[in-house]
Amino acid sequence: MIAPIVRSLSDLRARTKAWQRADETIGVVPTMGALHQGHLSLARAAREKCDRVIVTIFVNPKQFNDPKDLENYPRTEQEDARKLESLGVDLIYVPDPDQIYPDGFATTVSVSGLTDMLCGESRPGHFDGVATVVSKLFLQTSADFAFFGEKDYQQLQVVRRMAADLDIPIAVIGCPTIREEDGLAMSSRNLLLSDRARIKAPVLAEVMNDLREALLAGGRMSDLGPEAEAHLLAAGFNKVDYLELRSGRDLGLLDQAAEDARLFAAAWLAGVRLIDNIGV
Ligand code: AMP
């Protein structure tokens, strides 16, 4: 069954109110579309846990710090709706832009601390855009559960903090990163890679896995990090925004493997910025 595509907040609210009157729980999966198996795994997790599932598709201009990136972002709405067909999603919310940012919109939700490093540092304003749109989607859908990928681990932590700080009654559930067979973390931006770049892209996950092994063997990031970055550049990556070991809890910087340690990377390949993270 193809789920109805809803574009207005009033239509969305009419439907969610009926579900709430019937005492049904609601799960939301916020996305920017160009859906792949990573997104679909979140929709499946929501389907398992909740009575009703909403997938949202909104390419949020406020979280793009580069206008060209926003312009080039893949948009595949019809295909996305088809991909969701077999999953039993109840509703696809594709809000018209003015349903999220009406004329005169003047509010920003900004999470401090967790956003000072990693993508917060290399993409100024990005997490303000994320926190603002996600808080709106939480309030608009009045969902009980929200499903986010560990692929964007820092985002997951920022969203958890935001929901807790604003007393939004929603449980934020993190789901594992889904990868291509060659190890590349699935991402809508992978569609933007040329054939040649796509062949090189899995080197990012390879380098991170090797680094994890070396850290588990007792190595230090201060010794191993520069070598690993050099390896990425030699493999054809153009720039490494960061390659860091941090605590998965508070994102504090670490030099050695520890309980809850994670490796985080962002690197540019042929004009496309790839990110990944793995537990160590
Ligand atoms: P996006 O459309 O890129 O904004 O992502 C929407 C949601 O899908 C976010 O919660 C992402 O973390 C999640 N996601 C993206 N890629 C993956 C992946 N490879 N595995 C699991 N979740 C993912």
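**Ligand shell and domain arrangement**

Strand 2 (26–31), helix 2 (37–49) and strand 5 (145–149) each contribute at least two residues to the shell around the ligand, where helices (H or I, at least four residues) and strands (E, at least two) are DSSP runs numbered from the N terminus. The model is a predicted one, in which local features need pLDDT of at least 70 and side-chain atom pairs count only at pLDDT 80 or more, whereas totals for chains, interfaces and linings use all residues. Residues are numbered from 1 along each chain as its sequence is written, and side-chain values use heavy atoms, with hydrogens and water left out.

The ligand is surrounded by 17 residues, the closest being His39, Gly149, Asp152, Ile178 and Met186, with a residue taken as near if one of its heavy atoms lies within 4 Å. Helix 2 provides the largest share of this shell, namely 3 residues. By class, the shell comprises 8 nonpolar, 7 polar and 2 charged residues; Ala, Val, Leu, Ile, Met, Phe, Trp, Tyr, Cys and Pro count as nonpolar, Asp, Glu, Lys and Arg as charged, and the others, Gly among them, as polar.

Polar contacts (pairs of N or O atoms within 3.5 Å) to oxygen atoms of the ligand involve a polar side-chain atom of His39, at 2.9 Å, and a polar backbone atom of Gly149, also at 2.9 Å. Of the 480 Å² of accessible area that the ligand has on its own, the protein covers 93% (Shrake-Rupley method, 1.4 Å probe).

The protein is divided into domain 1 (5–175) and domain 2 (188–279), with bounds from an automatic or database domain assignment. Contact, meaning heavy atoms within 4.5 Å, links 21 residues of domain 1 with 17 residues of domain 2.

Notes: A polar contact is a pair of N or O atoms within 3.5 Å; within protein, one must be able to donate a hydrogen and the other to accept it, and residues adjacent in sequence count only if both atoms are side-chain atoms.
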